Amino acid sequence: MTQRIKCFLQSLPIHARQLKTIQIPIKYFCSCGIPNKFLLKPTFLGNKLRHLDVAPNTRVARSFSWQDQARLERDRWKTFAAQYLDEAPHFHQRLQRIYKQYSDSFESSLIKIGDFTYFEEEGGIFRARQNEGLVENVLILEDLDFSVGRIQRIRISPDQERLAASVTVSDSEEARCIIVNLLKLQHIEYVIPNVFSFEWTTNNILFYTEQKNVRCSRVFLCDFTEGNYTKLVYTETNPRFFVDICCTRDKRFLSINSNSKTSSEVLLVDCHRPLDPPFLVQQRTAGVIYHVEHWNNTLYLLSTLGENAEYKLMKTPVDSCTLDKWQLIYTVKEKLVDLEMMKDHCAMVLKHSNVLYLTVISLASETVNLSTQDGSLVPITVFHKPCQKLKNSPLLVHVYGAYGIDLSMDFKPERLLLLEDGWILAYCHVRGGGELGNRWHVEGRLENKRTGLDDLKACIAQLHQLGYSEPGLTALTAASAGGVLAGALCNDYPDLLRAVVLQAPFLDVFNTMLDANLPLTLEEQEEWGNPLSSEKFMEYIKSYCPYQNIKPQNYPSVLITVNENDQRIPLIGLLRYVIRLRQAVTDYVVSNKEGIRASNIVLDIQPGGSHCNSPSWEDSLNEVAEQYAFLYKELGLQNRSKSGKDDC
């Protein structure tokens, strides 16, 4: 290609509103590590990679698909990443020991109804008559004639004659609802495909939502009175809204909940007359989210209605439930964790300064009893052994910061391995999450999204300043939407970190929000913004989008794990990101003096396609072992890993 043609191509305008993928020349770095003079320069055109320049005496194909690139990445993982996998069996053995130590402390969920206790164990559903030792098989997954993953939820009809269980299809978010006749154990009466949520209203009528292309927009009922009669009950036409169903605590109503990121609408089905049309509580209002419970012919609403963004408990009569009839009972001033209706009381679990406490409201007298603790805000939660020298200790930072969801700090036995080896674990509760209530989410979404990045940078810098580790011993981990902040931090403040581990990360916000044909884009625009409606949003999203801001510099090493057919985080987008990031690292090394250590950019493509379902125990163990081997190698900690116990 002549220089004149190349200059002409580079001068062409790129209009982001018209292209799904921006055409940017990038080099492809072969997995076998060939010299720089043989690097190829393809550009993305749809799902193809077409070569612009080819080194002399190099034979290439006419086109290069993303499937071809995925195969090369798998080969790269097998060869280049062998340096990490050599240590993986060691970590696998230690993880098995830790999991075995704590596995007995976790019990399966139990459902006690009438004379029976139902529970899940080893891929099946069982029941035992209370005070008797006899255990009966209700449903064994391996006996089914289709590939299954795991049991998601169980619902039992009021007369205990039928059990409904949703079972995921292997390596997918798709689930099937299996109806078992409990009068004839292990007798499958009916199978409903593509089900998300489901509830019994009477002994013979089951309501369920249909999930297709990771969205739920329709509600059906299935009547088992005479045969299996199915009827469409409700259809949501707005793609920004997701529909699910649940029963009120007293089983008086079934609620059809249609929710977007910023507003909601609820319809109720009378469980005494489930064939009657559902009635609307209150039509959706911009900025108002509400959820409905019932007690004593009164609807209790947990809603954001009002001046501030926090939740309020309100009430309204069932037969007169429009917005103007809602009466305020209690305003939540802290972070609301959970709410439960118990006979004539409402119990709220609240959190203040990372301390949980309980607020109990008498629904009869509407009096409030508080049990509280005051304290100062702690935006970072830190775990470490009490006797270790913190300055020289490795630090693993966790972040999420999206959708108003708290950063998960659930107990995971594998974290104990890191603590045994002297790691510091830090959880940064940045804006965009929900740790400090709805306002914390509002302050980190849409035009405030960069505040989450500022928070993360400040947290890590403050940890270092306080003597918790140092940049060369610091790693960052994030999953899904947490990848936005993690990727942005790598672009803007790469010197704060040495390594990053990302699990199915969201890294190309800009192009995703431009493509309204993707199943979740319209819904997600309420979190990230709509670049098609505003030039301001287009430039703002582009300013922090991890993919858009990659540049030649000294990046931390990165390990990305992704499922091959993930519907929410498509593989092709991560392939684009990895190629572009790897090239930026190469350009930086080539343009600087010798002696610069090139960062490793590794993509581990796992089989399957589910973003939400957890992998099997063995697959999860292997995945964690590989991630730990990567972290220890990149931070130079191979000698720290030990099989012994805590020295403190």
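**Stop 1: a loop residue**

Select Leu446, which sits in the loop between α6 (438–442) and α7. Helices here are DSSP runs of H or I with at least four residues, strands are runs of E with at least two, and both are numbered from the N terminus. This is a predicted model, in which local features need pLDDT of at least 70 and side-chain atom pairs count only at pLDDT 80 or more, while totals for chains, interfaces and linings use all residues. Residues are numbered from 1 along each chain as its sequence is written, and side-chain values use heavy atoms, with hydrogens and water left out.

Leu446 has a phi near 50 degrees, a positive value in a residue other than glycine. Most residues other than glycine have a negative phi. Is Leu446 buried or exposed? Leu446 is buried, at a relative accessible area of 16%. Buried means under 20% relative accessible area, exposed over 50% and partly exposed in between, with a 1.4 Å probe and protein chains only.

For comparison, select Lys251, in the loop between β16 (242–247) and β17 (253–259). Lys251 is not a glycine either, and its phi is positive, about 65 degrees. Lys251 counts as exposed because its relative accessibility is 54%.

**Stop 2: α7 against α8**

Now show α7 (450–465) and α8 (482–492). Two packed helices are described by the angle between their axes and the distance between the axes. The axes of α7 and α8 come within 10 Å and cross at roughly 65 degrees. Axes are lines fitted to C-alpha atoms, for helices over the stretch in contact, and angles run from 0 to 180 degrees between N-to-C directions. α7 is therefore roughly perpendicular to α8, a term that covers 65 to 115 degrees; under 35 degrees counts as roughly parallel, over 145 as roughly antiparallel and the rest as oblique.

To see the contact (heavy atoms within 4.5 Å), select Arg450, Gly452, Leu453, Leu456, Lys457 and Ile460 on α7, and Leu485, Ala488, Leu489 and Asp492 on α8. By class, this contact of α7 with α8 has 6 nonpolar, 1 polar and 3 charged residues. Ala, Val, Leu, Ile, Met, Phe, Trp, Tyr, Cys and Pro count as nonpolar, Asp, Glu, Lys and Arg as charged, and the others, Gly among them, as polar.

How many residues of α8 are buried? The count is 10 of its 11 residues, so α8 is mostly covered. Among them are Gly482, Gly483, Cys490 and Asn491.

**Stop 3: α11**

Move to helix α11 (residues 535–544), where the buried residues are Phe537, Met538, Tyr540, Ile541 and Tyr544. What covers these residues includes α7, α8, α9 (509–514) and α10 (521–528).

**Stop 4: α2 against α12**

Select α2 (residues 66–79) and helix α12 (residues 571–591). Their axes come within 10 Å and cross at roughly 60 degrees. α2 passes α12 in a left-handed crossing. On α2 the contact uses Trp66, Gln69, Ala70, Glu73 and Arg76, and on α12 Leu571, Ile572, Leu575, Val578, Ile579 and Arg582. These divide into 7 nonpolar, 1 polar and 3 charged residues.

Also on α2 is Asp75, partly exposed at 38% relative accessibility. Asp75 and Asp604 are 529 residues apart in sequence and 10.0 Å apart in space, C-alpha to C-alpha.

**Stop 5: Leu417**

Finish at Leu417 in helix α5 (residues 413–420). Leu417 is buried, with a relative accessible area of 0%. Which residues does Leu417 touch, not counting residues up to four places away in sequence? They are Phe91, Arg94, Leu95, Ile98, Tyr628 and Tyr632. Leu417 and Ile98 are 319 residues apart in sequence, with 7.5 Å between their C-alpha atoms.

Notes:
A crossing is left-handed if the near helix is turned anticlockwise from the far one by less than a right angle, and right-handed if clockwise.
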